[in-house]
Amino acid sequence: MLVVRKHHFLVRWSHWLNVPILLGLILSGISIYWASPIYQHKPDPNTGNFDVAADIGIWICAHVPGQHHSSSPPDWIYNHMSLGPGMLAPALRVHWLCAYSFMLNGLVYVAGLAVGGGWRSLLPRWTDLVDALRMFRYYVGFPLAKLARRQWPHPRFNTKYNALQRAAYFSVPVAGFLSVATGWAIHKPMQLHWLAAVFGGYNAARVWHFWLMWLYIFFVVPHVFLVFADGWDTLRSMIVGWSTRVERSEVVAK
Amino acid sequence: MNNDEKRDSLRGLDVPSTGVEPEVKSVSVKKPHSFFAERPLPAIEIASQGLRYQSRRDFLLFGAGALTALAGAGFLLPQETLSRIGIRRNINSPAKEWFLNRALRIDDDVAEALYSVNRSVPTYTKSQITPLKNNYNGSTPDPGYISGWKLTLAGLASGLSISLDIRNLLTRFPVHEQITRLVCVEGWSAIAWWAGVRFDDLIRAYPPMSQAKWARVDSSVNLDASGNPDPYFMSLDLATARHPQTLLATHFNGQPLTVDHGAPLRLLVPMKLGLKNVKAVTRITYAAEEPRDYWAERGYSRYDGI
């Protein structure tokens, strides 16, 4: 049977390990955010609330069906998207454990890219600008073409990833590096004050760290959706390493 | 027969010229790769049975990994979080505490390795000063304690216990000013203008016993949220106490400290989290062994170097 080697085993292992690690980092991170939200307003005269995340929770409980009976609407976000409110000490311990695991896992991922040569498929190139537009047109037109029962061929590329995939798969390791860097900047703002200065100071580094978290969330949702849309071969290849899609490859060994 | 004759004769025989003419051989069909250029994925021919065996192994590993991750989450997540998602069974265990404290300890060791007595924390200008809220964990003490306040030093090389008042401190030691950032474990921070005497000057004037590596800093006037006495105690390594920016502060933004900010004397140690910056210090005890720490006993780290 002719198959292609698609992902080095270190890349596969670190890919899947990122799932529990990032989940732990995000859940504990939002619990840490609770202790001192970076998005605040003047305290509400009636409730004393100043946290924008609490406002969103109150809105959800008022408008989303099935959430009217929440015992504490201001805590809705923290009850559903973190380890919980008022848990700074346990959240910090989980966050450090996951953060050190994330850094080690990042090294494993980079080692897998280097040993397997996969890094070359991730490098951006000038043609990506036009190719990304072609892919964008394809995704936008795809549902319309389905409705109109028209053919809507996928743009052809003779590379491992298309330009949009490449942009995403290149950005996520960069975001990982920046998350670690901003994390150290806000964790050690005195000993590593030069690092906090790189991101515009301690407070700005906290804002960076917060929005980098959203980058993973914005990445993961289409990532998971598209891997299922693309088919079993693609999902399987991240577990077993090989793919039966050989059309663009060269035979190197028998 | 020389080469020219040979070529002529081969041409005459109408044999394909491949491999005979050197100039044809030099033309390569494959483009040479640049180091950065993407290469086609390597394809391999593999027996279906071998592939099936390999895939089964990888799927079993994947499943085992997923189960381990789930069990690990159940093992490591706080009990309150697990109760919230419907897992009522108590899986608190000493092993869990040990494991999470281990991670905390590693992080503290990293912080300690990053610390240098020669590295200054950033200082700011007066225009960069920001408001600093009163973050007393419990109630703010009644100012009545200030009139009879004394700082007690214990664990000294002399074996004696020393009592000092504010006048002793301010006349005996030079006053230093600094505008530094105070960072809370919660994430907020404030830039404030402090003045006071160096902890290091106090250590030089009243040397600790020779084996001492730690200072325990106490505030006996600390209260809990309901206003009952809740003495505050905090461990500080002497390496950090000796830093030139570690002050026993008496003034805040140009004025004597108010009760909110720990009158009449607070520890200002900007290279540690705010929770180590004890307000209304009443006693400093030098020790060879690491002393107890109020927040470490409540699940926070011990070293808290930032």
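Visitor: Two strands pair if DSSP finds at least two bridges between them. How many bridges join β1(A) to strand β1 of chain B?

Guide: This is a predicted model, in which local features need pLDDT of at least 70, side-chain atom pairs count only at pLDDT 80 or more, and totals for chains, interfaces and linings use all residues. Residues are numbered from 1 along each chain as its sequence is written, while chains are lettered from A and ligands numbered from 1 in the order in which they are written. Helices (H or I, at least four residues) and strands (E, at least two) are DSSP runs, numbered from the N terminus. β1(A) runs antiparallel to strand β1 (residues 42-45) of chain B, and the bridges joining them number three.

Visitor: Which residue in β1(B) is the bridge partner of A:Val3?

Guide: A:Val3 is bridged to a residue of β1(B). That partner is B:Ile44.

Visitor: Which element gives the largest share of the side of chain A that touches chain B?

Guide: Contact here puts C-beta atoms, placed from the backbone, within 7 Å. By that rule 46 residues of chain A are in contact with 52 residues of chain B. Elements giving two or more residues to the chain A side include α1 (9-35), α4 (88-116) and α9 (202-230). The largest share, eight residues, comes from α4(A).

Visitor: How are α1(A) and α4(A) oriented to each other?

Guide: Their axes, lines fitted to C-alpha atoms over the stretch in contact, with angles from 0 to 180 degrees between N-to-C directions, come within 8 Å and cross at roughly 155°. Angles under 35 degrees count as roughly parallel, over 145 as roughly antiparallel, 65 to 115 as roughly perpendicular and the rest as oblique. α1(A) and α4(A) are therefore roughly antiparallel.

Definitions and conventions: Contact = placed C-beta atoms within 7 Å.
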